[in-house]
Amino acid sequence: VGDGTVSGTITDSLTGAGLGGVAINLRQGLNSQAGAVVATGTTDGAGQYSIAGIPTGYYTAELSRAGYITAYISIYSLGGQDTANQNASISPVLAAGETRIVLTWGADPQDLDSHLTVPTTSGPRFHLYYNDGSVNDGTVAQLDADDTDGYGPETITFSTQIAGVYRYSVYDYDNGGSLASTALSNSGAQVKVYQSTGLVAT
């Protein structure tokens, strides 16, 4: 019971760097994208925010900044505590025809990897991942951000797509050798797909 503090870091999904000047509006409840704003905050130059005096409960944080796609995340407050590491990543606005895939997760595992196989005009499919991070063969795409210390983002942006099947997957680099590991399923990993119209899939 009582009031707590919510805090975390907002990053640029294209670079993985902390993003200053992000306006944060809190609304009560999960997935509350409309209605009364109960508290506000702004990220500092390192992308960090801290909002005190938040009654215990669940909230939806609206994250907005000029030149970026407005995003919404679920956060929570606990009375008498600072619930830290309630992090998020927001994407710069995309041009028509572009697509961006953004992977985020929690503190553990430290290293989740984005893998993508795509069609090409030369024939064989291309496997885009941390060891081969760009393709320019009909499909034009690149791995923008590769995170190895938790939370993400891992980001892939397409500037050109051609007809064919695009397969995206997430690999637990830290625990991939263990068939018994449940770290990936417990990581809180989310994959979000953006286009020029905004968020199109989660």
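Which residue forms a salt bridge with Glu-62, and how far apart are the closest N and O atoms? The partner is Arg-27, and the closest N and O atoms of the pair are 3.7 Å apart. Glu-62 belongs to strand β5 and Arg-27 to strand β2 (residues 23–28), so the contact ties together parts that lie 35 residues apart in sequence. Both Glu-62 and Arg-27 are buried. A search of the whole structure, which is a predicted model, finds one salt bridge.

**Overall form**

The chain has 17 strands and zero helices. Its radius of gyration is 18 Å, close to the 17 Å that the globule rule gives for 202 residues, so the chain is as compact as a globular protein of that length. Along the principal axes, the C-alpha trace spans about 60 × 40 × 25 Å. Of the 202 residues in the chain, 41% are buried.

**Strand β14 and its partners**

Strand β14 covers residues 154–160 and is mostly covered, with five of its seven residues buried. Strand β9 (residues 99–104) runs antiparallel to β14 and is joined to it by five bridges. Strand β13 (residues 139–145) also pairs with β14 in the antiparallel sense, over five bridges. The table gives a bridge partner in β14 for a residue of the chain in each row.

| Residue | Bridge partner in β14 |
|---|---|
| Val-102 | Thr-155 |
| Ala-141 | Phe-158 |

**The largest pocket**

The elements that give two or more residues to the lining are β1 (3–12), β5 (57–64), β6 (71–77), β8 (88–90), β9 and β16 (190–195). Which element gives the most to the lining of the largest pocket? Strand β6 does, with six residues.

By residue class, the lining divides into 19 polar, 15 nonpolar and three charged residues.

Note on methods. Residues are numbered from 1 along each chain as its sequence is written. This is a predicted model: local features need pLDDT of at least 70, side-chain atom pairs count only at pLDDT 80 or more; totals for chains, interfaces and linings use all residues. Side-chain values use heavy atoms; hydrogens and water are left out. Buried means under 20% relative accessible area, exposed over 50%, partly exposed in between (1.4 Å probe, protein chains only). Helices (H or I, at least four residues) and strands (E, at least two) are DSSP runs, numbered from the N terminus. Two strands pair if DSSP finds at least two bridges between them. Ala, Val, Leu, Ile, Met, Phe, Trp, Tyr, Cys and Pro count as nonpolar, Asp, Glu, Lys and Arg as charged, and the others, Gly among them, as polar. A salt bridge is a side-chain nitrogen of Lys or Arg within 4 Å of a carboxyl oxygen of Asp or Glu. The radius of gyration is taken over C-alpha atoms; the globule rule is 2.2 Å times the number of residues to the power 0.38.
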